[in-house]
Amino acid sequence: CTGEAQIVTINCGGQNFQTFLRTLGRIPKTKLAQWASENGHLRRTGFVFLDRNPVTFAAVLEYYRFCRAGLCPCMLPSECREEAAGRSGDVSRARA
């Protein structure tokens, strides 16, 4: 698959998550959207490792998946809002 239908893998804290690039691009100006962009790391490699809590990341990914259903960022715990906004600091990236 290429483009928006491309499935990518995010290893977060040792747990693999898979999603479409288009899902990660739903919320502009975030780290995940940047990585899913045309020249982004995930579009190029299909993989990223995040040294983060996988439980928190699962909530962030669910927000990306269903944000158009009217889920407001204020409904997420502050830790999740920071992760979704990409303000939680550096992440480690590695190839599969």
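**Note on the predicted model: salt bridge, core and confidence**

1. Arginine 65 and glutamate 62 pair through their side chains in a salt bridge, at 2.8 Å from N to O. The term means a side-chain nitrogen of Lys or Arg within 4 Å of a carboxyl oxygen of Asp or Glu. The structure holds 1 salt bridge. Arginine 65 and glutamate 62 lie 3 residues apart in helix H4, so about one helical turn separates them. Arginine 65 is partly exposed, because its relative accessibility is 26%. Glutamate 62, at 34% relative accessibility, is partly exposed too. (Buried means under 20% relative accessible area, exposed over 50%, partly exposed in between, with a 1.4 Å probe and protein chains only.)

2. A word on the basis. This is a predicted model, in which local features need pLDDT of at least 70, side-chain atom pairs count only at pLDDT 80 or more, and totals for chains, interfaces and linings use all residues. Residues are numbered from 1 along each chain as its sequence is written, and side-chain values use heavy atoms, with hydrogens and water left out.

3. The fold comes to 5 helices and 3 strands. Along the sequence the pattern reads β-β-α-α-α-β-α-α. (Helices, H or I with at least four residues, and strands, E with at least two, are DSSP runs numbered from the N terminus.)

4. Which residues touch the most other members of the largest nonpolar core? They are Ile10, Leu24, Leu32, Leu42, Leu50 and Phe57, in a core of 19 residues. Strand E1 (7–12), helix H1 (21–24), helix H2 (31–36), strand E3 (47–50) and helix H4 (54–66) each supply at least two residues of this core. H4 gives the largest share, 5 residues. (A nonpolar core is a set of buried Ala, Val, Leu, Ile, Met, Phe, Trp, Tyr and Cys residues joined through side-chain atoms within 4.5 Å.)

5. Leucine 24 deserves a look. Leaving aside neighbours within four places in sequence, leucine 24 is in contact (heavy atoms within 4.5 Å) with Val8, Ile10, Thr19, Leu32, Ala33, Ala36, Leu42, Leu61 and Tyr64.

6. Now the whole chain. Of its 96 residues, 40% count as buried. Among contacts between residues at least 6 apart in sequence, 57% join residues at least 24 apart.

7. Finally, confidence. The mean pLDDT (the predictor's confidence in each residue, from 0 to 100) is 79, and 66% of residues reach 70 or more. Over residues 88–96 the pLDDT is below 50; beyond near neighbours in sequence, this stretch has 21 contacts in the model. Where pLDDT is low, predicted coordinates should not be read in detail.
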